[in-house]
Every structure is written in C-alpha cells, then in structure tokens.
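Hello,

Here is the structure we talked about handing over. Please open it first, then read the notes below it.

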There are 2 protein chains.
Amino acid sequence: MSRKEFRELSDPETAREAIASLDLRADDETAELASARGRVLSERVDATMDVPGFDRASVDGYALRARDTFGADEADPVRLTVVGEVHAGAEPAVEIGEGEAAEISTGAVVPPGADAVVMVERTDPDPDHDAVLVRTSLAPGDRIMFAGADIGAGERAVGPGTLLTSREIGLLSALGVDEVPVRGKPAVGIISTGDELVRPGERLRSEAGEIYDVNSYTTATAVEEAGGTPRLYPHAGDDYDAMESLLREAAEDCDLVLSSGSTSASAVDVIYRVIDEQGELLLHGVSVKPGKPMLVGRLDGSAYVGLPGYPVSALTIFRTFVAPAIRDAAGVPEPETATVDGAMAVRERYSEGRLRYMPVGLTTDVDGRTLVYPVDKGSGATTSLVEADGVVAVPPDVEYLEKGEEVEVTLFSPDIRPPTLFGAGEDDPAVSRLLDRIDRPRYLSSGSRQGLRRLRDGVTDVAIVTGDATLEDTTPIGEWSREWGLIVPQGNPDEVAGVADLVDRDLRFVNRTADSGLRATFEGVLDVVADDRDVERHEIAGSIEGFERSVRGHESPARNVLDGRADVGLGLRTTADTLGMGFVPCGDERVRALASDDRIEKPGVRAFAAAIDDGEALFDTLTGYRVEKA
Amino acid sequence: MSRKEFRELSDPETAREAIASLDLRADDETAELASARGRVLSERVDATMDVPGFDRASVDGYALRARDTFGADEADPVRLTVVGEVHAGAEPAVEIGEGEAAEISTGAVVPPGADAVVMVERTDPDPDHDAVLVRTSLAPGDRIMFAGADIGAGERAVGPGTLLTSREIGLLSALGVDEVPVRGKPAVGIISTGDELVRPGERLRSEAGEIYDVNSYTTATAVEEAGGTPRLYPHAGDDYDAMESLLREAAEDCDLVLSSGSTSASAVDVIYRVIDEQGELLLHGVSVKPGKPMLVGRLDGSAYVGLPGYPVSALTIFRTFVAPAIRDAAGVPEPETATVDGAMAVRERYSEGRLRYMPVGLTTDVDGRTLVYPVDKGSGATTSLVEADGVVAVPPDVEYLEKGEEVEVTLFSPDIRPPTLFGAGEDDPAVSRLLDRIDRPRYLSSGSRQGLRRLRDGVTDVAIVTGDATLEDTTPIGEWSREWGLIVPQGNPDEVAGVADLVDRDLRFVNRTADSGLRATFEGVLDVVADDRDVERHEIAGSIEGFERSVRGHESPARNVLDGRADVGLGLRTTADTLGMGFVPCGDERVRALASDDRIEKPGVRAFAAAIDDGEALFDTLTGYRVEKA
C-alpha cells in the first residue's frame, strides 16, 4: 500500500477563498409557479398587465351614477330603477342611465355609465321589485377599484434573488405568470469511497468488515438543506482507473463533486492523485481541526471538495466551508437561526494551536438558558451525529474555554433546538419508551457509571442507574425493577441452568461493557459464586469463555446468540421475550432515575418524572418489569 | 340573488378550539430514507444491530498482539513479522500469532489473534519487507473500535416526533434503515370560488371581469410551508349542486378542505349552505379583523375552513388559525424565527373594539433596529401581499399603537427578513433596474406625491420624485432625466403631433393617476396650452377624451393603446421603444432620488446611491434617459 502524509496545511481563509473561487452555479432554469416555493428568482419579473384589468366593484351592492344620489340619507333615500344585474366574471349587459342602477357582485365589472357602487347594506329593495332605495350619498369612484389600481403594467413586481414564498407566488399569480425564471440548484455529486461501505437496506456482511454508508446520506441531506440537488454515485474502490472514470462521470454531470465516506488514507490518496494528475489541485489539507484530510480542486470543469471520513467531521467541514458556497451558488440566504449563543456547561481545554471547529451539543438550564458542551472528541462515532447540534469555532490561541463562558454555536441545521430533557445512563427498554412521551428528549445509553459521571459534571439533567448508587445534590424521581438473566437460544438447547454453568461448562458467553449497570449486577453474582468456592472473582471470570467479550447495547448479547456467534448472552427477560429466545432468570435489578437538584424544576425533567409516575401501563408491556411506587 | 349577513360572531378562542377539534391528521406512512428530509418520525426507531458489527481498526497501521510490544519505544523498537494485509471491507485471511503483525487499513476487521492496532506513523518498514519495526508500546484495545461501541443493539436511536435532518438520516443509515415510519402530511384541498377566477397562464378576458386566481396559489404554498400537501380543485361557480359535489369530492380526498378565492358573498353563501345542510357547521364568522367571513365545519369526515377573500386577509387567517393546526397534525414544530420584535414606525389608531390581526411590513432604521408599519388597510390589493411581512395582534381594548411602541410580529414565513432598502415614489423603469443591484429592496410604485408623503412619515428610506419637489431633512442621492411624451400605435397612424391634438381632435387618451409625477409634468404642459389660449386648465382638460381615465403603471397607458382601447397614452420614450410603438416627444423630465437624512448611512441607502453613481451603463440601455452627475 502506498501511503500519503498530509503536509503544508493551508490556513482556513485560504480554503474558504479556494472554494469561493470554484464556480458552483448551475444554469438558470424555468420553474412552474405552482412548484416554485423555495426557489430563487433569477430575473426581475415586471407586471405586463394592469391588475385589475377593469374597474371593479369592491362590494356587493348597486352600480349607479354618483350624482343621482346627491343629498340621499337614511331619512330621505333616493329611488333608482334597477335595470339589470352584473355578476363577477361576466361582461355587463347593461348600461346605466340617469336614475338607474344595476345590482352588482363584489369583483364584477362596473357597467358603462356607472361611476360608483353603493353597499347593499345602505340600500333597501323597493317593494315593487324593480327599484332600489339608496340611503346614502356617494362620490364618483366610491367602492370601485379602478383598473391598474393594484398593479400597473410595467411595475417591478418581484426582483432577482428573491426567495419565493407564499406571498411572492400570490403576487406572480395575480400577474398571470405560470412559469418563472429561477436559479438552478447546483448539482452535487457524492462519491463514497471505501470497499467496506454498503447502502442502507442491503445485506451487511459484518464478518467481512462491512458497514453501512453514513456519510453519503448525511452529506446528501445536508446538500439539500443548503439548496443543492444531491446525486449519489456508486461506491468506488481504491483502484486508480475506476476512480478516475467515476470522478469524470460525476464531474460531467455535476457542478460540484464531493467525496465522502472513507477514513482510509489509501482511498483518499487515490482521489488525491486523480485530481492532481487529471485536474487541478487547489489545496490539500487545511490547518483546522478537523480539516486535515480536506481536498479542494477542479476536474473537467467541475469543482471538487474531499471531506473527512468521520461523520461529525464531514458534517463540520461541509457546514463550515461547503454549504456557504452552495447557498451562494443557489442564491439561498443563510437562515436567520443558523447560530445561537450559549454558555459553556463545562470547562474545555484545547491546545493544538490550530483553529478548531469544536462539535458541541446544546442543552438548557432550569431557566431555559442555552448551555453548550463538547461532543465527539475525535471518536468518529455515528451516535455523535445526533448529539452534535453545531460547532463552535475556537481560535488557535485559545487554550481554555471556561465553564460559563459565552460562545456562539453555528448550528448544523436551522431546525435544531436544544433537547427539553437531557439524560444519560443505563440502556433500558423502559427508558426508551418513557422518552417517547417527552418532546425532544436526548438520552445517551452510556451505562450507569457514565450516566452518574455526566450528572456530576452538570451537563445532563437526569441519570438512569442500576443498584444503590447515590450522588450528592440529586434526587430520585422514579424507580422500577427489571428481571435479568442469561439469554439462550429458544428452548434452551444447552440446558443452561445458571451462572455456575458459564464457569463450569464449555459455553461461549457474551458480556456487557464495563460501564453497564447490568454487568455490575452480574459481577455481584460472580462474587457470590467466588465466595462459595472460596476463590478470587478474577479466577471465576477467567473461567468464563467470553467474559471479556463485552458489547454495549442491551440487546447486543442476545443478538450474538441469535446469530450463532455465542451460546449465552447477558440480558433482560423482556429482551428474550421480544426476540423469541430462551431465558434463564438470575434476579431482579433495581433501576432508578436520579435528577440534579438544580434541574428538578426544568419542564422536561418534570415531564419525565410524570411519565414514570403514570407509566404503569407502559411497564406492564415489558415482561419482568415492576414499578416501585414512592 | 340571496344575500347572507354574518351575525353572532364567535370569539377568536372559540375559533381556535373549533379548528383544534377537527382531525386533520393524515395516516402515518413509510418514507424512503433518502427522501425523508423534513419528514417527522411517527414511531421510535431502535437499533437492531451493533455498530460497528465487528472489532474495527481506527487507524491505518498494523494489527498485533499488545503484549508483543511491551517495552518498545522510539529508541528500542520491536520487530514483528508481517504475515499479511487486511483491507477495509474484506474478511481477514490471516490470524495473528506471537511476534506477528498484519498491515491493516482504517475500518478493516481486526484479525483473530490481534488485540491492538499501531498507527503507521509509529512504525518503520523493515528493509527486508516482510517485517515492521514498532516504536511504541501498546495496551490491549488500543486503536480498536469494538463491535457495538458506537451503537448497541436495542438502543433507542431516534424517537417519535423527531424532525429528520441530515444528522438523523446519517444515524438511521448507519443502522441500515432504508425506510422510516413517518407522519403523513395532511392533504389539504383548496377550492377556489368565483366565476371570475382564471388560472395563471390561461387567457384572461378583462372585459368580462376576469382576474387571475391569487388565493389558491398563495394558500397552496402556505399549506406546503406549514407541512401539508395542497391539492387544487377546479373553480366552482355559485351553483349549489355543483358546489356540493365539488366539496364532497375534496372532502373524500383530503384531511382538510379550504375554500378561498372569492370575495363574493353569494359564493360564500352557497358554501355556507352546503356545509350547514350537508355537513356540520361549527362556526360562522369570528370577531377578529379580518375574520368575519371565516367558516369552520365538517363534511363527510373531512375538516372544512373557509378563508376571507382578500389575499392578505386570507393569508392572515390562514397563518393565525389554520397553519398551527396543519403543523400540529403534521408534527412539524413552529420555526424559531416565526416571530420578531420591532418598534412601531408610525402611530396607528384603531377602535373597532374587536381583536385585530394587523398586517404589517418590516423595515429597519440606520442602526438595523426593526421598525413595523401597517399595510393593506382593507384595500384588498395583491401588491400588499409582498409588502405584508406578518401580523401584529392588537387586542380589542387597544385604541392606539404609539410611534416607537414595541410590538411582536408573527411572520407570514420564517424566511422573511426586513428589506435592506425601502423606497417609494415614481414608477420608473430605471429604478426597477437599479433595485436589481440591491439585496432585498422594497419599492412601492406609489407615484411621486405618495413617495414624498411616506418619506416625510419616516417609514421609507428614499423617495423617487419628479420635478423640483423638496422636503426638509432629506438629501438628493442621485438624479437623471427621462424623455416623455405621447405613445401611439406603431407608425403613428393618427398622425398625432403633440398635446394640442388631444385637445382639438377626437382622440381617445389614457392618463396616469393623480399621484404620478409624469401626470403633473403633463398638466404643466396643459397649463402652457391653456395660457396660450387664455382659458382655464380644466377647460383644456375637459376637452381631452379620457383625461380622467387614469391608470397606475408607467406602461399601463401604452398597453391600453396596444390593446386598441385608446389612441394615445401618456408615457416614456423607453416604453414606446420596448413595446415597439410610436412616440411623440413632449420633453425631458427630471427625476431625483431623495434620502432621509437619518437613513442616509443605512447600508441599503448607500448601496442604492452607489448603484445610481455607477449606473451609466444601465441608463444607456433605456432610450431617452440621461444621468445627471452631481
């Protein structure tokens, strides 16, 4: 394998200029008015007609000659002969002479001879039915909207660069316009590199190291959000010729080509060489975190930008450098809500000496003030995607962000808002269901231990923990128990009877990770076994094949058993029942929700406590669960 | 015609409750992940797999047994035999024994036997090519992302009610999900009533009082903005049976039916009777301005709301009462930018004693503070649509809003922002083109006289005026002249020689409205003719057939001539040239841009002044124009 080191990093301003120098604009096009919402007008549209095109009655009433009503009032009405009717949308068949009137509908053409309209409310029908009594005096022009009074021919109606919303579409339809000239949406090709990537919905071979393609879909959606039209191209491997032909195909079709998906240096290197040798490489690596692997160039008249491989990094670079260029080319303004201000919830240290776009999550304190905390410290985890609400630009010379310091967050999407409830802790199916009853909750299934740590740090509102763990300045807001044990294939073919069998027999076990409360409970049982046998726990653990094979999700061990990769998995009765598997019970485990005392009045926390309180029916749907009433 | 009076108006809260009692929810549906942006999840999606599904190398380097590197450092590397390569997306074909290593790519499966990965940067290839020197000590698990470390099977991934943006779509794709359960978009049928309405793009017969349908398109777009799917139905007349069958057809297809379009009481009355007799009428008329004609009811299991006929009123009632209900049914949250605060730019008096949703426009002062001014005081004009940025709710007991008073504006669309430049005055094609160079300008072609009045009121930034009009506390920021005269059919078939011919001969003339500066200039010439003949001007004017036939747009008179409805129109040389018509020159008219002294430093005003200064090329495209350099 040939490997490429990234050197001579460009500064961020140079990167921005390089991207600004690319021409991402699509050709202007014509859009049907009915589907033009959200498009941007490419040319001014002037009125080519008067609106209305005729003198129009503004009320239901009678068209008449104003001078005939001179001196009329409630006490002394004037009597006019009704010579006909004029309906909206019909050419008047009458002409109004002296002492005459015609019944007229709102919107109808004022008939020849008439110069005013009286509201029906100021008239009375004459009993003999061919006349009307008018109880008011009128001036010429009363209750008439004259031709062109709304829009005059030649008037500027809507200017170039206007984002078309309901009201502009309304005005354009008044002008009879059914097609409008609009800015084309930049076509953005997305090439996902890496042999390991599989499209969602297709079968995944985990044993061959396959994973689902995340960046292509994230980027495609972000392209749409920025006003472009994404096109996904098939995955490319690391072969030079195949990559060249794919890049050329995408460059041919698109205004901008993005590559995204692989964290593999070799795949990035192949692209680098194709752009460098077949096109024009403008820059290679930017001195921002996370911008090292960023590439900017041109190929066959199309622009090219290579994004980092980690999902949050790819979204950060896209949002910071690429989205503004796409918006600019599409003529779409940056949304007003693209940034929010907030206070750092924790102290954050950083001293790499280059500009950092720090991915952050948002939350709120009890008064609704926005708090900001760092996420995805280089883990590359996909779950960070939904925790990362935006980025804070931290200048190279800033070594610390103090707790409480005000920062500006550039949001990943303008629709993003802080969660109403922020919790972390045990992965528990009851919690998943309780959260369904809360508007916009955020929950990190990080295990009981991490849940407590985050609660202590003052970032989260609640922790879900197993056992009797306590923490100062917190209050339990709910409690339940769940039955746990060993999950085995349906019918328990190995006739597993309990934990001792794991120690004594040749069974492949799957454990939960060390942060999991369930694992702690399991280890408690091992301690009892060790005591009984008068040996150390680590000896007992060492005799269990797979004791160190630890997985994170509450269903993960069971799914390993289901796939035949293990014989026994640590888990909950409800999981065994849900997946139709066998279950060997080991005990009941206590689970509690702890809330920070200074967040206990936060509306989301109160809603969560109420959801637990009212949750009996919910807990009944989970076998092995029991609510503990306070 | 039978006429229905609106009585017993409901209060706004009752109207809101009536609409809330309607069931607008569409059935949940399944959306492809790739096109699920902006949709709202209807059910929780849990992970059904571990991500990654295998122990994954986090870096490019070598997979090895950590214990083999014990004690290794830069000075004293350990030498391991390279027994193979593992690529991302391939099943490892090697197993790592003691003293062995395998080259590995980021994202590849850690091969059996290995328990750590060393970064390539901390190694050197051994010269004989089948070994590697490792220059650091490793612990088990280093640079490995264990199976399920990102997402564990059974974990809650995305909750119900979540609006899907790029990041949620990224996480769902990591789980291999290619279809998601989403809330259905409420189907909203739009029935436009009124025989006079014609669809944009179709031929309009103005002589029969036809106008283009504005409300259907405005409402349809507003429905989309609120998260619904609009369906336009063909226009219905005032016939009971036809209306009933159309309403039933729409009710069958849709979750909500809106009627909109007609200001005609008779059309509204037919709908009222159909809903009342065939369905269920919940309320009829709301005591808000503008809510009198509002209807709420049910028909055949669908909800029904009738909107007022004036475009701005229809949008106001839609935005205030209907959009929240559609958003709620669609599960889409109200955008954050849906309201803005601002200060009243003028004093506004109102004393009708009912809640008023006052349509307002936004502008800004020199410091960028938001100013709010009332628009569309019941005029029903379509042009008000683009001037109305939102509504201010004025309680029934408020008689005055003072100038400078703070008000909250509910925007018609979250994308709406105040114009950068706000001008009013003469309708002039040069101004239209100059405005094209400004980002988001607003200009009202209200004529010179109204332009000056608005500038004096302190609402607008600039006025475009003809002649020598001046105003205190304003400064001219640009000046040009335009050639004006009489526009006649091509070839001047009537051999019109000048203004005297209008007086002396039998020619049908079309004038501009009294607010137009061009009309004032024309009247100045009539004064000269009157002086010459030693008569009063009104005698001269009275001899011109069509002197009072005044139209608003600068092209309107010419288009009347073009249509054969007149022989001579008042207008500009450039208009005659653009429309390929004949022109009888009468003189040059001075046009000036005046700016308020307290807005002259506003960025939009400076940009406009600069556009005039740089506008020579632009003025050259307009025949008869000449820039006056300061």
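This is a predicted model: local features need pLDDT of at least 70, side-chain atom pairs count only at pLDDT 80 or more; totals for chains, interfaces and linings use all residues.

A:L455 touches A:T460, A:A463, A:L471, A:T474, A:L594 and A:S596, leaving out residues up to four places away in sequence. A:L455 sits in helix α9 of chain A. With 26 other C-beta atoms within 10 Å, A:L455 is buried.

Helix α9 of chain A covers residues 448–457, and its buried residues are A:S448, A:R449, A:G451, A:L452, A:R454 and A:L455. They pack against β29, β31, β32, α11 (517–533) and β36 of chain A. Just after the helix, A:G458 has a positive phi of about 85°.

- Helix α15 (residues 603–613) has A:G604, A:V605, A:F608, A:A611 and A:I612 as its buried residues. These cover an arc of only 120° around the axis, which puts them on the same side of α15(A). Their packing partners in chain A are β29 (421–425), α8 (429–435), β30 (441–444), β31 (462–466), β32 (474–488) and β36 (582–596).
- Helix α1 (residues 12–20) buries A:P12, A:A15, A:A18 and A:I19. Seen down the axis, these fall within an arc of 120°, so they line one face of α1(A). Among the elements of chain A that cover them are β18 (280–284), β21 (302–306) and α6 (311–330).

Next, the chain as a whole. Chain A has 16 helices and 37 strands. Its radius of gyration is 36 Å, well over the 25 Å that the globule rule gives for 630 residues, so chain A is more spread out than a compact globule. The C-alpha trace spans about 120 × 70 × 50 Å along its principal axes. Buried residues make up 56% of the 630 residues in chain A. Take the contacts in chain A between residues at least 6 apart in sequence: 73% of them join residues at least 24 apart.

How do the two chains relate? The same surface serves both copies, and 99% of the contact residues of chain A recur in chain B.

The contact itself takes 112 residues from chain A and 111 residues from chain B. On the chain A side, helix α2 (residues 166–174) gives the largest share, 8 residues. By class, that side has 46 nonpolar, 35 polar and 31 charged residues.

The largest nonpolar core has 200 residues. The members that touch the most others are A:L175, A:V305, A:I326, B:L175, B:V305 and B:I326. Beyond four places in sequence, B:L175 touches B:A47, B:M49, B:V51, B:I151 and B:A157. There is also a second, separate core of 54 residues, which includes A:Y62, A:I96, B:L486 and B:V503.

One residue of chain B to look up is B:Y443, in strand β30 (residues 441–444). B:Y443 counts as buried, with 26 C-beta neighbours inside 10 Å. Its contacts beyond four places in sequence are A:R156, B:G423, B:A424, B:V431 and B:L435. B:Y443 and B:A424 are 19 residues apart in sequence, but 5.2 Å apart in space, C-alpha to C-alpha.

Last, some backbone points to check on screen. Most residues other than glycine have a negative phi, and most peptide bonds are trans. These are the exceptions I picked out:

- The peptide bond from A:V51 to A:P52 is cis, with omega near -10°. A:P52 is in the loop between β2 (45–46) and β3 (56–57) of chain A.
- In chain B, a cis peptide bond joins B:V51 and B:P52, with omega about -10°.
- A:R440 has a positive phi, near 50°. A:R440 is in the loop between α8 and β30 of chain A, and counts as partly exposed, with 17 C-beta neighbours inside 10 Å.
- B:R143 has a positive phi, near 60°. B:R143 is in the loop between β9 (131–134) and β10 (144–145) of chain B, and is buried, with 21 other C-beta atoms within 10 Å.

Best wishes

How values were computed: Residues are numbered from 1 along each chain as its sequence is written. Chains are lettered from A and ligands numbered from 1 in the order in which they are written. Helices (H or I, at least four residues) and strands (E, at least two) are DSSP runs, numbered from the N terminus. The radius of gyration is taken over C-alpha atoms; the globule rule is 2.2 Å times the number of residues to the power 0.38. A residue is buried if 20 or more other C-beta atoms lie within 10 Å of its own, exposed if 12 or fewer, and partly exposed in between; C-beta atoms are placed from the backbone. Two residues are in contact if their C-beta atoms, placed from the backbone, lie within 7 Å. A nonpolar core is a set of buried Ala, Val, Leu, Ile, Met, Phe, Trp, Tyr and Cys residues joined through C-beta atoms within 7 Å. Ala, Val, Leu, Ile, Met, Phe, Trp, Tyr, Cys and Pro count as nonpolar, Asp, Glu, Lys and Arg as charged, and the others, Gly among them, as polar. The arc is that of the directions from the helix axis to the C-beta atoms.
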